[in-house]
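Welcome! Here is a friendly briefing for anyone meeting this structure for the first time. Have a look at the sequence and the model before reading on.

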Amino acid sequence: MKYPAIMPAVPSKIRSPARALLALLFSLFLLFPITADDAADQQAALDRLFAQLHDATDAPSANAISNQIWAIWTTPADPSLASRMRDVMEARAMLDLQTGIDLLDAIIVDYPEYAEGWNQRATLYYMLGDYEASIADCAKVLELEPRHYGALSGRALMYLQMGKRSLALRDMKAALELHPFLAEKQLFPELAQEITRT
């Protein structure tokens, strides 16, 4: 299956950042192995990284920190879950989206508190154009990990594509409060004056 055939029809202005984000997420999964020994270490590392992200003064620094956050999110401490997530990411890289969804369905049953399982399924639903299912999964991600700027910005893109700009603005503003240098902010010029460093 070719990539363009499964991407929803969206303006190229929006489609390009979405494709770039998907490619980045997979590359991060492969390039940034996690060193935390257990879930508590990972949580402490996330707390530290989010504090650093908040204080970042430029996009390269913020993106380097974000890469580390994504590495933790996509590489759980549980070895069995980590192995299953590698299978998901491999299916996604091959654009075998239904296999990826099937794998994530099973992960969500076995690990319902693992936010990234929900987020990855939301991403695959987005890639299939099933915004309703993707938005529902994003809501679950944010229930489990309110700092998940990926779920917030992804949902903002979907709302934008659905013509729900006020909802898109709400989510994008929340995402930028966590990661002020997200590339998607260029789609929301009205937020440029609102997002200030504190």
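Helix 4 and helix 7 are roughly perpendicular to each other, because the angle between them falls in the range from 65 to 115 degrees. The angle in question is about 100 degrees, and the two axes lie 8 Å apart. Please keep in mind that this is a predicted model.

**Where helix 4 meets helix 7**

- On the helix 4 side, the residues that take part are Trp 70, Trp 73 and Thr 74.
- Their partners in helix 7 are Glu 116, Asn 119 and Gln 120.
- Sorted by class, the residues of this contact between helix 4 and helix 7 are 2 nonpolar, 3 polar and 1 charged.

**A closer look at helix 7**

- Helix 7 covers residues 115-128.
- From its first C-alpha to its last, this helix of 14 residues reaches 20 Å, which is close to the 20 Å expected at 1.5 Å a residue.
- How many of the 14 residues of helix 7 are buried? The count is 13, and the helix is mostly covered.
- Just after helix 7 comes Gly 129, which takes a positive phi of about 85 degrees.

- Glu 113 sits in the loop between helix 6 (97-110) and helix 7.
- Is Glu 113 buried or exposed? Glu 113 counts as exposed because its relative accessible area is 61%, and the cut-off is over 50%.
- Along the chain, Glu 113 and Glu 145 are 32 residues apart, while 9.5 Å separates their C-alpha atoms.

**Helix 4 and its other partner, helix 3**

- Helix 3 (residues 39-55) packs with helix 4 (residues 59-74) at an angle of about 160 degrees, and their axes are 10 Å apart.
- That angle makes helix 3 roughly antiparallel to helix 4, because angles over 145 degrees count that way.
- The crossing of these two helices is left-handed.
- From helix 3, the residues in this contact are Gln 42, Ala 45, Leu 46, Leu 49, Phe 50, Gln 52 and Leu 53.
- From helix 4, they are Ala 62, Ile 65, Gln 68, Ile 69, Ile 72 and Trp 73.
- The contact of helix 3 with helix 4 has 10 nonpolar and 3 polar residues, with no charged ones.

- Ser 66 is part of helix 4.
- With a relative accessible area of 6%, Ser 66 is buried, because the limit for that class is under 20%.
- Which residues does Ser 66 touch, not counting those up to four places away in sequence? They are Tyr 149 and His 179.
- His 179 belongs to the segment after helix 10 (165-178).
- Like any residue under 20% relative accessible area, His 179 counts as buried, with a value of 1%.
- Leaving aside neighbours within four places in sequence, His 179 is in contact with Leu 53, Ala 62, Asn 63, Ser 66 and Tyr 149.

- Leu 95 is found in the loop between helix 5 (79-93) and helix 6.
- Its relative accessibility is 17%, so Leu 95 counts as buried.
- Most residues other than glycine have a negative phi.
- Leu 95, a residue other than glycine, has a positive phi, near 60 degrees.

Conventions. Residues are numbered from 1 along each chain as its sequence is written. This is a predicted model: local features need pLDDT of at least 70, side-chain atom pairs count only at pLDDT 80 or more; totals for chains, interfaces and linings use all residues. Side-chain values use heavy atoms; hydrogens and water are left out. Axes are lines fitted to C-alpha atoms, for helices over the stretch in contact, and angles run from 0 to 180 degrees between N-to-C directions. Helices (H or I, at least four residues) and strands (E, at least two) are DSSP runs, numbered from the N terminus. Angles under 35 degrees count as roughly parallel, over 145 as roughly antiparallel, 65 to 115 as roughly perpendicular and the rest as oblique. A crossing is left-handed if the near helix is turned anticlockwise from the far one by less than a right angle, and right-handed if clockwise. Contact means heavy atoms within 4.5 Å. Ala, Val, Leu, Ile, Met, Phe, Trp, Tyr, Cys and Pro count as nonpolar, Asp, Glu, Lys and Arg as charged, and the others, Gly among them, as polar. Buried means under 20% relative accessible area, exposed over 50%, partly exposed in between (1.4 Å probe, protein chains only). The expected span of a helix is 1.5 Å times one less than its number of residues.
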